[in-house]
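Walk through this model from the overall fold down to single side chains. Keep the structure in view while reading.

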Amino acid sequence: MIPVAVLYLLLTISTGDVFFERTVEHLIIIVLMAIPVSFFSGIYDWKKKYRGAKAPVFMKKIRLSGILFVLCALTVGIRLSTPDVMTGTGILHWVYIVLLLGMLPIVTLLGHYGGKLASQGRQQQPKAS
């Protein structure tokens with residue numbers, strides 16, 4: 001959802017249409033609620049499938065998830081406390097934009113590391129005869 005939120009943010013910036021930004025608000029609120037669910041289900045799988053192994057890929061995913069949650073919480077906090085943040089030109093306007101854009105590489109890395117784990121799991125499974 002973060003890439004879609006960034007797309008709508010870019011549409012907001014280019015068109016000035018407040019309805020696009022309203023969609024950004026809805027998306028980041030949903031993301032904020034989904035991050036803990038995703039995090040704890042990932043921790044559960046990590047402990048169950050990998051016995052809590054301290055491999056670098058797991059530690060990176062845990063740290064990135066924490067950073068993503070903080071950035072998302074700050075973004076939602078700014079948006080809810082200052083509903084017209086995108087119509088202004090002050091520092092809060094730019095902080096809001098940078099926070100949203102900053103979440104994009106984090107979710108990309110989380111997906112990349114998740115893909116590494118998924119492909120590693122497929123390689124280790126025995127082939128059926």
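The text below starts with the whole chain and then turns to selected residues.

This is a predicted model, in which local features need pLDDT of at least 70, side-chain atom pairs count only at pLDDT 80 or more, and totals for chains, interfaces and linings use all residues. Residues are numbered from 1 along each chain as its sequence is written, and side-chain values use heavy atoms, with hydrogens and water left out.

The chain holds four helices and zero strands. Helices (H or I, at least four residues) and strands (E, at least two) are DSSP runs, numbered from the N terminus. The order from the N terminus is α-α-α-α. The radius of gyration is 18 Å, well over the 14 Å that the globule rule gives for 129 residues, so the chain is more spread out than a compact globule. That radius is taken over C-alpha atoms, and the globule rule is 2.2 Å times the number of residues to the power 0.38. Along its principal axes, the C-alpha trace spans about 60 × 25 × 20 Å.

Now the surface and the contacts. Of the 129 residues, 29% are buried. Buried means under 20% relative accessible area, exposed means over 50%, and partly exposed lies in between (1.4 Å probe, protein chains only). The accessible surface of the chain comes to about 8,300 Å². Carbon and sulfur atoms account for 68% of that surface. Areas come from the Shrake-Rupley method with a 1.4 Å probe; for residues, only the protein chains shown count as cover. Take contacts between residues at least 6 apart in sequence: 68% of them join residues at least 24 apart. Contact means heavy atoms within 4.5 Å.

Charge comes next. The chain has 13 positive and 5 negative charges, and their mean positions are 26 Å apart. Lys and Arg count as positive and Asp and Glu as negative, while His and the chain ends are not counted. Each charge is placed at NZ of Lys, CZ of Arg, CG of Asp or CD of Glu.

Start the residue tour in helix H2 (residues 18-49), where Trp-46 lies. Trp-46 has a relative accessible area of 9%, so it is buried. Which residues does Trp-46 contact, leaving aside its neighbours within four places in sequence? They are Arg-51, Gly-52, Ala-53, Lys-54, Phe-58, Met-59 and Ile-62. A polar atom of the Trp-46 side chain lies 2.8 Å from the backbone oxygen of Ala-53. Phe-58 is 12 residues from Trp-46 along the chain, and their C-alpha atoms are separated by 7.8 Å.

One of the Trp-46 contacts, Arg-51, sits in the loop between H2 and H3. Arg-51 has a positive phi of about 55° although it is not a glycine. Its relative accessibility is 79%, so Arg-51 counts as exposed.

Stay with helix H2 for Glu-25. Is Glu-25 buried or exposed? Its relative accessible area is 7%, so Glu-25 is buried. The Glu-25 side chain makes a polar contact with the side chain of Arg-22 at 2.7 Å. A polar contact of 3.1 Å also joins the side chains of Glu-25 and Arg-79. A polar contact is a pair of N or O atoms within 3.5 Å; within protein, one must be able to donate a hydrogen and the other to accept it, and residues adjacent in sequence count only if both atoms are side-chain atoms. Beyond four places in sequence, Glu-25 is in contact with Arg-79 and Leu-80.

Thr-75 lies in helix H3 (residues 56-81). With a relative accessible area of 0%, Thr-75 is buried. Its side chain reaches the backbone oxygen of Leu-71 at 2.7 Å. Not counting residues up to four places away in sequence, Thr-75 touches Ile-28, Tyr-96, Leu-99, Leu-100 and Met-103.

Leu-64 is also in helix H3. Leu-64 is buried at 12% relative accessible area. Past its neighbours within four places in sequence, Leu-64 is in contact with Ile-106, Leu-109, Leu-110 and Tyr-113. Leu-64 and Met-103 are 39 residues apart in sequence and 9.8 Å apart in space, C-alpha to C-alpha.

Finish at the loop between H3 and H4, the place of Asp-84. Asp-84 is partly exposed, with a relative accessible area of 48%. His-93 counts as buried at 10% relative accessibility. Not counting residues up to four places away in sequence, His-93 touches Val-85, Met-86 and Gly-88.
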